[in-house]
Amino acid sequence: MPKLIKLLSGVAAAATLAAITAAPAMADPIGSNGKSVVPQSYDVVGVGSNTTQYVLDQISVDYNKTIPASKHSASHPYFYTWDAVKPGSSSSVPTKIVPKAGCKSITRPNGSTAGLNALKISQQIAGGHYCVDFGRSSSGRSSSAPGLGPGGVSYVAFATDAVTWATRAANHGGSDAPASLTLAQLKGIFTCQTTNWNQVGGKNGAIKVYLPQPGSGTLSFWEKVMGITTLGSCVDQHPEENEGTYSGFNNKNAIFIFSIGSYIAEKYHSAACGKTPTGTQNKFGCNTIGVLGINKISGVAPTTTAAVPVTNPNFPSAFHRTLYNILRWTTTSDHIPSNLEPIFARSHAKVKGYLCTNATAIKDIKNYGFIPTNLCGSIS
């Protein structure tokens, strides 16, 4: 397969505060017994996006429960996923992982771009197995990604999400920002043309613009929506995506972006970091919204008004996105590798694909804040 574009430098080092997983789900990857495991050479292993790491951690556990240990083999592989940052760590130093038994150590891929890169340059080991079988991605195919064809990759849809802007919440001191911004106003801010909140209906205050670490799929999506080709000098990229714990956010002039699905999962479905989840809370991830609250666009709230909200279906369509898993393109009818079809395809030899049709997987998608989609299993 053709050599991928060079890795963006500093992908993992840009993270100032890594995701902290709530106990007891601290293993990485994790087995059905809650303990860390070493995937076998024939198991299905993925890396990449921060946004989708926890929902796929959960689906991994649930999927593997459907395969009895006696049947675990190349014909019935388990499904594992490595988080974007080391669970339980607050260090910005990149860590190393060994994706599967028999593989060489690699730098832990942090973000959608890093997941794609790892897929493309993955080592191939005995039995023809790859060390990385898929990359998690919260953004669609970029112009620099390998094509949809021989030697390329398939972006396989599995859920939908939306992204909005975030500022310091009222219960943490509030913000100088107005209650709502339009797409045009956001473009002005994130392209560094608008520099004071009073230019968009807020109070007098110099705007402090933050965006996620390089290689983030959420960053790539936002850049596309904002029409950004090169980030301006006003942008600080130290924070890890979908976390509000970065010290710079405790400022009335700060602005960041946040996956609405991740925000819902953290605030309404997750335990406080360091606390054991209750029986009704998500077992992966914890509440890292910190001081941030998510805001309206064109007067439309990002979530519904329910006690446990979901993404507002009326939220402006430009800010909705499809979430993907990136697989090697093959000549199968759906262009998904045959050993991965039972997991990622909508259907496989009259057997429905787990991610797209299994009731437990669909419930997992909802519990982690995302929206099931009829496009699940389709490629682009």
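**View A. Pairing of strands β8 and β15 in the predicted model.** Strand β8 (residues 153-168) runs antiparallel to β15, and nine bridges join the two; strands here are DSSP runs of E with at least two residues, and helices are runs of H or I with at least four residues, numbered from the N terminus. Two strands are said to pair if DSSP finds at least two bridges between them. Within this pairing, A157 has Y324 of β15 as its bridge partner. This is a predicted model, in which local features need pLDDT of at least 70 and side-chain atom pairs count only at pLDDT 80 or more, while totals for chains, interfaces and linings use all residues.

**View B. Strand β15 and its pairing with β7.** Strand β7 (residues 134-137) is also antiparallel to β15, to which three bridges join it, and G135 stands opposite I326 of β15. Of the nine residues in β15 (residues 320-328), eight are buried, where buried means under 20% relative accessible area, exposed over 50% and partly exposed in between (1.4 Å probe, protein chains only).

View C. K100 belongs to the loop that links β3 (96-97) and β4 (106-107), and it counts as buried because its relative accessibility is 1%. Beyond its neighbours within four places in sequence, K100 is in contact (heavy atoms within 4.5 Å) with P39, Q40, S41, D43, V45, Y130, C131 and D133. Residues are numbered from 1 along each chain as its sequence is written, and side-chain values use heavy atoms, with hydrogens and water left out.

**View D. Confidence and residues 1-24.** The predictor's confidence in each residue, pLDDT (from 0 to 100), has a mean of 91 for the protein, with 92% of its residues at 70 or more. Over residues 1-24, however, pLDDT stays under 50, and for these residues the model has 84 contacts beyond four places in sequence.
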